[in-house]
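Visitor: I have a model open and want to learn how to read it. Can you take me through a few features?

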Amino acid sequence: VLVKKIYQLLLLLGLVFGTNARADLLIEPLVGYSFGRFTTEIPGEDDATSTGASYGGRLGYQNLGFQLGVDYLNSTLDVKDSKDNLKASEWAGFIGFKFPILLRAYAGYIFSGTGELGNIDLSEGTGPKFGVGFTGLPFININLEYRKISYDKVKVGTATLDNETGYRDWE
């Protein structure tokens with residue numbers, strides 16, 4: 001299913017940018033530091049802060065400043081008051097614009113997110129993402145990004161929670 005979604009997005013990219021005389025392939029590896037809050041609506045569960053390293057990349061097309069593509073992010077986050085790390089991965093589609101004044105703005109939608117925290121498995125994560133970037137150095141972009149992902153399925157041991165019984169958010 002994920003491969004089919006990526007194939008459809010790449011086909012759309014080809015149709016949109018394939019007829020122009022000049023289009024550039026966008027390949028952008030990324031390394032970052034994430035921090036945020038892991039929240040729950042499950043009674044008796046408290047929010048937790050988390051920090052840690054992230055890596056991934058973006059692939060797409062850019063033309064006349066416009067950018068369109070997919071990105072992948074893999075994170076290992078230290079969750080406060082937990083002996084386990086949160087290991088999460090996300091696939092998202094994005095659209096952006098690179099201004100001539102060394103600034104880029106973009107927005108995206110996380111269409112597939114999963115995570116693991118000890119014996120807790122998170123799946124069917126979706127949500128928005130927004131970012132701005134400074135592109136003043138050759139081949140280096142410095143980005144600030146906001147992501148909010150909601151997981152529709154949470155499996156704790158043998159019990160599975162969904163939207164109707166409670167859910168967890170990563171912000």
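Visitor: Which residues of the largest nonpolar core touch the most other members?

Guide: Keep in mind that this is a predicted model. In soluble globular proteins, nonpolar side chains tend to be buried together. Here the largest nonpolar core has 14 residues. Those touching the most other members are F38, V79, L86, L117, I120, L122 and Y151. At least two core residues come from each of strand 3 (66-79), strand 4 (85-98), strand 5 (103-117), strand 6 (120-137) and strand 8 (149-156).

Visitor: What is L86 in contact with, beyond four places in sequence?

Guide: The contacts of L86 include F38, V79, L117 and L122. S75, T76, L77 and E116 are also on its list.

Visitor: How do strand 4 and strand 5 run, and how many bridges join them?

Guide: They run antiparallel, joined by 13 bridges.

Visitor: Which residue takes a positive phi in the hairpin of strand 5 and strand 6?

Guide: G118 does, near 60°. Two residues lie between these strands. A107 has F130 in strand 6 as its bridge partner.

Visitor: Is G52 buried or exposed?

Guide: Buried means under 20% relative accessible area. G52 has 9%, so G52 is buried. This glycine is in strand 2 (residues 48-63). Apart from residues up to four places away, G52 touches G32, Y33, S34, T76 and L77. The C-alpha atoms of G52 and Y33 are 5.7 Å apart, though 19 residues separate them along the chain.

Technical notes
Residues numbered from 1 in each chain as written. Predicted model: local features only at pLDDT ≥ 70, side-chain atom pairs only at ≥ 80, totals over all residues. Heavy atoms only, no water. Core = buried A, V, L, I, M, F, W, Y, C linked by side-chain atoms within 4.5 Å. Buried < 20%, exposed > 50% of the residue type's maximum accessible area, 1.4 Å probe, protein only. Helix = DSSP H or I, 4+ residues; strand = E, 2+ residues; numbered from the N terminus. Contact = heavy atoms within 4.5 Å. Pairing = 2+ DSSP bridges.
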